[in-house]
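Here are my notes on this one, written to be read with the model open. Have a look and follow along point by point.

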Amino acid sequence: METPRFVTPKVAPGLYTAMLALEKYLHECGLGEKLLTLIKLRASQLNGCGYCIDMHWKDLRVLGETEQRLYGLDAWEESPYYTDRERAALAWTEAVTFVAEGHVPASVYEAVKPHFSDKELADLTGAIATINAWNRLAVASRTTPGTYQPPKAAHKEG
């Protein structure tokens with residue numbers, strides 16, 4: 001196990017507070033806790049962020065997500081247990097996360113557009129940008145996976 005390089009909340013509290021403000025907005029924007037956390041888990045898988053994978057897996061379990069949907073997330077395109085809206089969000093998540101590999105293709109935009117309003121798409125994009133920033137902070141600082149304990153579910157969504 002690697003030793004953490006730095007602890008962001010301690011060494012850059014202003015940055016941490018700003019990131020938490022983004023999270024507060026996203027959790028109030030209306031996209032839904034399960035969808036937000038699902039795209040956070042997928043982006044974290046794509047970025048290889050062990051800490052965030054652990055966190056969002058645990059958070060999804062607290063929200064009532066099934067093991068089948070969680071372990072199938074790596075192969076969501078082949079798996080029948082995601083809704084069309086979730087599939088659109090996952091495709092958008094991959095395109096935005098890998099923006100350096102060809103920007104966001106028009107085909108992905110056309111696939112996501114029927115499932116999200118312009119505001120929802122902006123919020124979804126903001127959520128993806130935010131989790132990518134969290135992933136980069138956790139990977140660069142070598143935050144230790146496995147230490148996260150999820151809060152008790154205040155509410156569960158379907």
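1. N132 sits in helix 8, residues 118-141; helices here are DSSP runs of H or I with at least four residues, strands are E runs of at least two, and numbering starts from the N terminus. This is a predicted model, so local features need pLDDT of at least 70 and side-chain atom pairs count only at pLDDT 80 or more, while totals for chains, interfaces and linings use all residues. Residues are numbered from 1 along each chain as its sequence is written, and side-chain values use heavy atoms, with hydrogens and water left out.

2. Is N132 buried or exposed? N132 is buried, because its relative accessible area is 8%; the cut-offs are under 20% for buried, over 50% for exposed and partly exposed in between, using a 1.4 Å probe and protein chains only.

3. Now for what surrounds N132. Setting aside neighbours within four places in sequence, N132 is in contact (heavy atoms within 4.5 Å) with A43, N47 and T97. C49 is 83 residues away along the chain from N132, with 9.6 Å between their C-alpha atoms.

4. The side chain of N132 has polar partners too. One of its polar atoms lies 2.7 Å from the backbone oxygen of I128, and a polar contact of 3.0 Å links the side chains of N132 and R136. A polar contact here is a pair of N or O atoms within 3.5 Å; within protein, one must be able to donate a hydrogen and the other to accept it, and residues adjacent in sequence count only if both atoms are side-chain atoms.

5. E65 is one to click on: you'll find it in the loop between helix 4 (50-62) and helix 5 (67-71). E65 counts as buried because its relative accessibility is 3%. Its side chain makes a polar contact of 2.4 Å with the side chain of R69. Not counting residues up to four places away in sequence, E65 touches K34, L60 and L70.

6. L20 belongs to helix 2, residues 13-28. With a relative accessible area of 39%, L20 is partly exposed. From L20 to T130 the C-alpha to C-alpha distance is 9.8 Å, across 110 residues of sequence.

7. Two backbone angles to check. H103, in the loop between helix 6 (84-97) and helix 7 (106-112), has phi near 60°, a positive value in a residue other than glycine. H103 counts as exposed, at 61% relative accessibility. R142, in the segment after helix 8, also has a positive phi near 60° and is not glycine; R142 is partly exposed, with a relative accessible area of 29%.

8. Stepping back to the whole chain: there are eight helices and zero strands. The radius of gyration is 15 Å, which agrees with the value near 15 Å for a compact globule of 158 residues; it is taken over C-alpha atoms, and the globule rule is 2.2 Å times the number of residues to the power 0.38. Along the principal axes, the C-alpha atoms fill a box of roughly 45 × 30 × 30 Å.

9. Of the 158 residues, 41% count as buried. Among contacts in the chain with a separation of 6 or more, 69% come from residues 24 or more positions apart.
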